[in-house]
Amino acid sequence: IYTVDLERVVFIELEGFNDIDDIINYKLVIELMGKHSNIILLDESNLIIDSLRHIKENDSNYRNILPHYKYVFPSTDKINIYDINNFKDFEKQIDINNIASSICKTFNGISKTFINDAISFNDSLEDIYNYILKIINNLHLLELKPLDNNKDYSVKISDNKDLFSLNFQIDDFYTNKENNNNLKTYRDGILKLILATLKKYNKRLYNIDEKLKQCENMNTYQLYGELITANLYKIKDDNIDFINLENYYDNNNLIKIPLDKRYPPSVNAKHYFKKYNKLKNALEIVTKQKEETIQELNYIESVVYEIDRSTTLEEIDAIYEEISEHNIFKLKLSNPNKNLKVKKSKLTKNKTVKFNPIKYTFDNHTILVGRNNNENDYLTLKYANKLDYWFHTKDIHGSHVILKSNQNEVVSDDLLIKCAQIAAFHSKARNSSNVPVDYCLVKYVKKPSGSKPGMVIYTNNKTLNVQPSNK
């Protein structure tokens, strides 16, 4: 396996036997050139057997990449720096007013990122030239050098002289990149579905509020019906648009009551009572619907928070399993991580629960933080002892935090504050400077029957105002 000069072309030579045991040689050419990249198989005469992409010679392409054609190495207008004999020859090619761009445009295989990095710690053009030579003459000893922006890399000579250092680093880089892409795709897919559900429930809440506004007039309709009925004896049974009557609830002041002239006053009174009863029943139903909808919205928003703070495929997978159990989410996304095996924690013997809380140690005490709603429930209601301390941000979505304590132990103020800071950090308010955090003993934390995962009620609590921190 080898490359030629600084071209982005890799040659892999293969040797084997044919059907009659004659030695045969093949060559696999991998051209890494952006959208023009290709993989080409050659025989021992450098004739093309086949290629990943077939390319025919035209005005923009100078060579045929087709079976039975002779392979032609990619050409370039740039100079091969190996052909430069000394610094003076190098200097002739460079525009001293634009060194980085000039070197990249003139010489093959040298990137602007690498040159800008070289310029940053080399004082003169000759120093830059010598540094380039040092790098290209020690390609087997290179390692990645992260740049200050933390988004790009240059290269440097490895200090540990590991011949495979660069290979390992590049492998790690692309593994992390693939994992991050998978995480983003998985997370964005689930988040899209959840946000669609959130939008639907917000619309439902809006419609409920509109119905509640209509119910505001129900007592007026009842009043109209009562006044008409009470005054029927003195109302002419004519079809009229309105009538003025004394309101005995308002010092007998006159009140104008609209009527449907298609019907007599007695029928109008019945219509008003019917409207009143209809809105009264609607108010009872819609009020209950609003309570349920607000609970659903709080739960959906807690899931959105979980997804926003998740950093691993395992965490996203746990959230996916959680929401799959609830019919409010119409999941149309197949789980790309169905073969993912999440390690079970030694903290629980319940093999059906994926329980891997975040763990902190402070002042010889263990502090545990739930990573999702299901884990919050298990941590607080199953794993924690009744005399452990429970922490949660006040009226803000966040994780359950448990401080493991001994029986009859007096917990120091510093430890309580530290736990509150951790709870604030693992909440939606982690970027705030002053966050209220409630805490109490676990025995005062209860889960209402039928409530959503992660939802609890608590009593006998105190509140600390802290700045979020996980250190």
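Which residue is the bridge partner of tyrosine 2 in S2? I looked this up before anything else, bearing in mind that the model is predicted. The partner in S2 is phenylalanine 11.

**Entry on the sheet**

S1 and strand S2 (residues 9-17) run antiparallel and are joined by 2 bridges. They belong to an open sheet of 5 strands, in the order S1-S2-S3-S4-S5, with antiparallel pairing. I then asked which strands stand at the edges. They are strand S1 (2-3) and strand S5 (48-51); each has a single partner strand, so one side of each lacks a neighbour in the sheet.

**Entry on helix H3**

I turned to helix H3 (residues 112-121) and listed its buried residues: Phe114, Ile115, Asp117 and Ala118. Viewed down the axis of H3, these buried residues fall within an arc of 160 degrees, so they line one face of the helix. I recalled that an α-helix has 3.6 residues a turn, so residues three or four places apart point the same way. I also looked up what covers the buried residues of H3.

**Entry on aromatic rings**

How many aromatic pairs does the structure hold? I found 16. One of them joins tyrosine 221 and tyrosine 272: the ring centres are 5.9 Å apart and the planes stand at 20 degrees, which is under 30 degrees, so the pair is stacked. This pair links distant parts of the chain, since tyrosine 221 lies in helix H6 (residues 218-230) and tyrosine 272 in helix H7 (residues 265-309), 51 residues apart. Tyrosine 272 counts as buried because its relative accessibility is 9%, under the 20% limit.

I next examined tyrosine 248 and tyrosine 249, whose ring centres are 4.9 Å apart with planes at 50 degrees, so this pair is tilted. Tyrosine 248 is partly exposed, with a relative accessible area of 42%, whereas tyrosine 249 is exposed at 57%. I also recorded a cluster in which ring pairs link Phe87, Phe90, Phe107 and Tyr129.

**Entry on charges over rings**

Finally, I looked up two arginines. The charged end of arginine 204 sits over the ring of tyrosine 201, at 4.5 Å from the ring centre. The charged end of arginine 430 sits over the ring of phenylalanine 425, at 4.0 Å from the ring centre.

Methods. Residues numbered from 1 in each chain as written. Predicted model: local features only at pLDDT ≥ 70, side-chain atom pairs only at ≥ 80, totals over all residues. Heavy atoms only, no water. Phe/Tyr/Trp six-rings, centres within 6.5 Å; stacked < 30°, edge-to-face > 60°. Helix = DSSP H or I, 4+ residues; strand = E, 2+ residues; numbered from the N terminus. Buried < 20%, exposed > 50% of the residue type's maximum accessible area, 1.4 Å probe, protein only. Lys NZ or Arg CZ within 6 Å of the ring centre and 35° of its normal. Arc of directions from axis to C-beta. Contact = heavy atoms within 4.5 Å. Pairing = 2+ DSSP bridges.
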